[in-house]
Amino acid sequence: MNAPTTRRLTVAQALVEFLAHQYTERDGRRHRLISACWGIFGHGNVAGIGQALLESGDALPYLQGRNEQAMVHAAVGYARQCDRLSAQAVTTSIGPGATNLVTGAALATVNRLPVLLLPGDVFATRSADPVLQQLEVPSAGDVSVNDALRPVSRYFDRVTRPEALIPAALQAVRVLADPVDTGAVTLALPQDVQAEAYDWPEEFFADRVWRVARPAPDAAALAEAVHAIRGARRPLLIAGGGVHHSEAEEALRAFADATGIPVASTQAGKGSLRHDHPADVGGIGHTGTATADALAREADLVIGVGTRYTDFTTASSTLFAAPGVRFVNLNIAPFDAHKLGAASLVADARAGLEALTGALSGHRVAAAYEAGYRAAKEEWERRVDAAYGAADDSVRPSQTQVLGALDGIVDDTDVIINAAGSLPGDLHKLWRARSRRQYHLEYGYSCMGYEIPAAIGVRLAAPDRPVWALVGDGTYLMNPTEIVTAVQEGVNITVVIVQNHGYASIGGLSEATGGERFGTAYRFRAGDGTYTGAPLPVDLAANAASLGMDVLRAATVGELRAALVKARGANRPTCVYVETETADTVPGAPDAQAWWDVPVAETATRPAAVAAREAYDRHAAGRRRHL
């Protein structure tokens with residue numbers, strides 16, 4: 001009998017070789033599971049993973065980043081654009097490089113998006129102890145800063161022996177490819193172990209395909225859901241991010257066409273139906289449309305498809321107000337399918353929607369119900385037109401007019417990326433999504449600084465699509481560094497900087513909760529602690545130019561339109577900079593159509609906080625448990 005064939009490689013070399021041979025497959029289409037590895041090198045990964053990536057050449061391409069958190073954001077943007085079927089890895093040094101991964105890892109896990117994290121770690125042999133940047137815990141010798149990644153990772157392992165890499169790597173890619181369990185996966189790699197050689201079985205490096213199944217709903221559960229839908233007079237479907245991840249948009253359209261049931265969308269689910277589909281009633285919840293939220297308040301049945309039901313979606317448990325309202329949840333994750341006391345369909349979104357459509361053959365909502373929500377949709381579209389429009393091209397644009405100008409030049413191919421500030425609310429209410437992946441809002445973690453690196457990831461995944469990163473001044477100042485990466489790698493993205501001289505979103509929230517916009521403006525501070533009206537002399541456009549971008553400044557609505565058109569046709573990374581009008585007299589987005597629970601001080605001396613608490617108590621009285 002011949003001895004098993006082995007290959008002598010270091011742990012780092014073996015891991016890189018292994019990752020280069022992992023694939024996912026769904027619906028007969030195969031994808032590289034790990035398409036590339038982002039990295040910033042320092043001690044802990046430069047002589048291990050760094051050497052292995054250099055030696056591997058094109059087998060696992062290397063991408064250079066400037067900030068560890070931003071590299072994770074770029075990888076997450078890539079994975080989302082690839083419907084979670086392809087992902088990227090991120091490697092860092094030990095110490096600060098590793099802890100900088102934590103925010104990005106949390107974002108990935110909260111949003112159920114795969115990313116593989118490969119931070120260096122301290123010496124497993126303790127031959128150098130303590131090593132530079134090592135955290136010493138007197139009561140636990142096996143703890144390093146990488147343990148901070150445990151609660152934000154769906155899978156975590158520390159590879160302290162070469163042979164331990166085999167089960168750890170297999171478990172890591174299992175989780176990455178699993179639509180239920182996916183998120184951030186961390187393999188902490190002690191720097192001495194990375195460089196240690198081992199005789200690896202050749203079959204460890206064979207092509208391995210991880211099939212992403214489309215589980216169908218249980219027959220009894222399907223019958224229960226169909227019974228509930230047939231018996232409902234005012235049903236409403238909520239499309240979440242799971243619709244996109246499952247590529248279930250056509251199945252959803254067929255369901256809506258057949259039944260006439262209106263479809264509202266979460267931030268992650270927006271675009272599941274085109275904005276001009278008769279059944280699309282727009283965003284739902286605190287940042288939703290009046291149409292969708294009115295339907296939600298009166299719905300006797302809510303059908304959740306691929307949604308986690310966050311507090312923005314449920315208006316902090318105040319939105320679904322009908323006395324006998326019930327829920328049917330279609331979700332591939334049992335944890336989400338059982339929320340709100342729902343009748344649960346644990347299944348793939350596409351498979352479940354197709355099964356529901358078939359089983360509901362001949363069923364349609366009442367004509368009066370359908371006509372009512374269509375009329376309300378038309379009324380809302382007139383409000384969108386008013387928010388987008390500008391009577392004079394020579395005036396400074398409002399934020400909603402910035403969106404209106406962009407809406408006027410994009411087509412089905414463009415991707416709009418945003419994550420935090422006041423823009424998510426305006427976009428959720430107003431944006432007219434034209435295609436399944438046009439609307440890219442990271443609102444599970446709502447992380448400032450996500451947009452620019454995510455735009456790079458999206459463009460890498462979809463090199464032929466125009467990609468826009470919409471950022472406010474506060475977000476831009478959090479994380480502009482990956483502009484350098486875009487310039488260096490020739491990743492053609494457009495960054496739109498919306499300058500309003502402060503934290504507009506949190507400023508509004510502060511005012512609504514009695515905080516009087518304390519600490520939310522970018523203004524000069526006077527000696528008495530108050531802030532003057534003059535903005536700081538900060539030139540973010542010049543900053544973007546200094547990082548290598550072409551910059552187009554727009555002072556008026558007309559100049560903005562011209563700049564956006566020019567930027568869309570550019571062949572290198574470009575920034576459009578616009579200072580917005582914030583006066584109350586200019587058009588803006590309609591006010592929030594539903595509540596959001598942000599507790600207000602129960603006792604206070606300032607009148608604004610006292611009044612805010614009275615309003616809070618009135619809203620909080622409408623909270624309910626759905627059991």
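Q: Which residues lie nearest the centre of the largest cavity?
A: This is a predicted model, and in it K270, D280, V281, G282 and E381 lie nearest the centre of the largest cavity. They belong to a lining of 19 residues.

Q: Which elements give two or more residues to that lining?
A: Those are β14 (280–283), α15 (367–388) and α17 (423–430).

Q: And which one gives the most?
A: That's α15, which puts four residues into the lining of the largest cavity.

Q: How do the lining residues divide into nonpolar, polar and charged?
A: For the largest cavity, seven lining residues are nonpolar, six are polar and six are charged.

Q: Nice. How much space lies in the largest cavity?
A: About 160 Å³.

Q: OK, pockets now. What about the second largest pocket, how much space is in there?
A: The second largest pocket holds about 170 Å³ of space.

Q: Changing topic: in what order do the strands of the six-stranded open sheet run?
A: The order is β5-β4-β6-β7-β9-β8, with parallel pairing.

Q: Which strands are at the edges?
A: β5 (62–64) and β8 (155–158) are the edge strands, and each of them pairs on one side only.

Q: By how much are neighbouring strands turned against each other?
A: On average by 20° in this sheet, if you ignore direction.

Q: Let's zoom in on β8. How many bridges does it have with β9?
A: Four bridges link β8 to β9 (residues 184–190), and the two strands pair in the parallel sense. If you want a spot to look at, F156 stands opposite T186 in β9.

Q: Last one: where is T10?
A: T10 sits in strand β1, which covers residues 6–10.

Q: Is T10 buried or exposed, and why?
A: T10 counts as buried because its relative accessibility is 14%, and the cut-off for buried is under 20%.

Q: What is T10 in contact with, leaving aside its neighbours within four places in sequence?
A: T10 is then in contact with Q194, A195, E196, A197 and W200.

Terms used: Residues numbered from 1 in each chain as written. Predicted model: local features only at pLDDT ≥ 70, side-chain atom pairs only at ≥ 80, totals over all residues. Heavy atoms only, no water. 1 Å grid on protein atoms, 1.4 Å probe; cavity = no way out; pocket = protein on both sides within 12 Å on 5 of 7 lines; lining within 4 Å. Points joined across faces, edges and corners; volume = space filled by probe spheres on them. Nonpolar A, V, L, I, M, F, W, Y, C, P; charged D, E, K, R; others polar. Pairing = 2+ DSSP bridges. Axes fitted to C-alpha atoms, helices over the stretch in contact; angles between N-to-C directions. Buried < 20%, exposed > 50% of the residue type's maximum accessible area, 1.4 Å probe, protein only. Contact = heavy atoms within 4.5 Å.
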